[in-house]
Amino acid sequence: MKKVFSKIALFLVAVVFVISSFGVQPVSAASNPFKDVSSSDQEILYLWNKGLINGVDKNSFGPSESVTREQAATLIGRALGLNGSLRKTSFPDVDPKRYSSGYIQSAYEKGIITGNSDGTFRPQDTMTRGEMAYLLSRAFKYSNTGNVFFSDIKVDTSSNSLYTAVSKIATAGVSNGTGTGTYSPSKKLIREEFAIFLARALNSSYRVTYKNVTIDNLRVTVNSLNIRTGPSTGYYALGKLNSGDAFAVYGYKGAWAYGKSGSYTGYVHSDYLAEAVPATASSRYITLDPGHGGHDGGAVANGLLEKDINLDVAKRVEAKLKAKGIKVYMTRSTDVFHSLSARVDKGVASGSDTFLSIHTNSAGAHGASGSETYYSASVGSDSKELATFVQNRLYKAMDHPNRGVKNYGFQVIRTNPLPAALVELGFITNSYDASKLGSSTYKDRAATAIAAGIEDYYNWKAKN
């Protein structure tokens, strides 16, 4: 019990928040004490450097550990400057002497939390992603909703529905779902997600633009079909679609489908849509993201520069994929810099259906060697499959140690609505790996393997 309490205490150590004082501060490597948090996890480091959140121990943040309802209520209460004085609450299962009691009662009085139908709060229960949507939408008084659709949440526009709460935080730029068109409202909330949500709520620079993911690829069955601004004939017609036009559906409101056809995005009646011809290999479309570029050279060692290796290999992958009939979009084809968020945005805006970021690894220990590929578990299972297919080809082609497929929150995969993976070709800091990374022969072998892994993934998708 003592050990459990110490973890909770560490998690909740924070200064009293003054929201108006929050501004963007550069995060340096020296300001990251966590061995399980990388420099790309900017939201976590933002909260840490502001003194708003601590780790589960001195050197670990514990990104995959769950968040309890009382932990979330306490931290939100401090963020809003609510009265945290220990006292009796309206919930019989909250101990008045518990560290969270004051914040729970204050949040209840403000209408931020409502408790359960049986009158309890269940403070030690793990909070779900759906509950967090309610908590954030009420705490930060989000009121705007948009054309937000998730395949695992039924559209219900009533004021207190789960759909409305999720729509509010998605419209506010706090969440873009878990990827592939889902939100996973019943999934337990983990510390990494909580930190991302809270940082976005407090600081607009971390917010994301919600983008619906296609859930159905259909075609129009009649000529002169109006596509409208809303889900009824009373809404303005943006234009007309004709028989055979493709219609990518983002979601449904009753009998009306919301989606995109050509340059139009709006609503059409689903009676006039039918299944499209299944996609073929020639219609597969992937974004390749050569890491770093411009003033951001990435890792440097053994006479090599990471940004140059990444771009060289990516161009080779591009050529090999096109030869297979797979369409490719490159986030950069020259030595230019794009921010992490811009890379994701460019990939999504291209219309591609998959995203792969290509990098070269480095380590302080020069003995570290091998290839590894990352996915983010927060954005759907397809990302793990993509990472696995690529990794299984790459380490063999490079004759490298197999460092495996790993779940980690790199920004370009964690915030990506597309199935996404990040591959680390080898260690530039290891002389043996570097000799291969500087070799045209091995760069071509790496590109051949990555292209084959991507083709494996698409073939798997076609069967599932």
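Reader: Why is T415 called buried?

Author: This is a predicted model, and in it T415 has a relative accessibility of 8%. Buried means under 20%, so T415 counts as buried. You'll find T415 in the loop between α11 (411-414) and β15 (420-427).

Reader: Which residues does T415 touch, leaving out those up to four places away in sequence?

Author: They are N176, R200 and V344. Contact means heavy atoms within 4.5 Å. The side chain of T415 also reaches the backbone oxygen of Q411, at 2.7 Å.

Reader: Which residues line the largest cavity?

Author: T415 is one of them, and the list also includes N176, R200, S378 and R414. Helix α7 (residues 191-202) gives the most to that lining, with five residues. The volume of this cavity is about 130 Å³, and the count of cavities of 30 Å³ or more comes to one.

Reader: What makes K211 and D345 a salt bridge?

Author: Their side chains meet at 3.2 Å, N to O. A salt bridge needs a Lys or Arg side-chain nitrogen within 4 Å of a carboxyl oxygen of Asp or Glu, so the pair of K211 and D345 qualifies. K211 lies in the loop between α7 and β1 (216-220) and D345 in helix α9 (residues 340-349), so the pair ties together parts 134 residues apart in sequence.

Reader: Why does K436 have no salt bridge?

Author: The nearest side chain of opposite charge, D399, is 4.4 Å away. The cut-off is within 4 Å, so K436 and D399 don't make a salt bridge.

Reader: How many salt bridges does a search of the whole structure find?

Author: It finds 19. One of them joins D125 and R122, at 2.5 Å, N to O. D125 is partly exposed, with a relative accessible area of 31%, and R122 is partly exposed too, at 34%.

Methods: Residues numbered from 1 in each chain as written. Predicted model: local features only at pLDDT ≥ 70, side-chain atom pairs only at ≥ 80, totals over all residues. Heavy atoms only, no water. Buried < 20%, exposed > 50% of the residue type's maximum accessible area, 1.4 Å probe, protein only. Lys, Arg positive; Asp, Glu negative; His and termini not counted. Helix = DSSP H or I, 4+ residues; strand = E, 2+ residues; numbered from the N terminus. Polar contact = N/O pair within 3.5 Å; in protein donor to acceptor, adjacent residues only side chain to side chain. 1 Å grid on protein atoms, 1.4 Å probe; cavity = no way out; pocket = protein on both sides within 12 Å on 5 of 7 lines; lining within 4 Å. Points joined across faces, edges and corners; volume = space filled by probe spheres on them.
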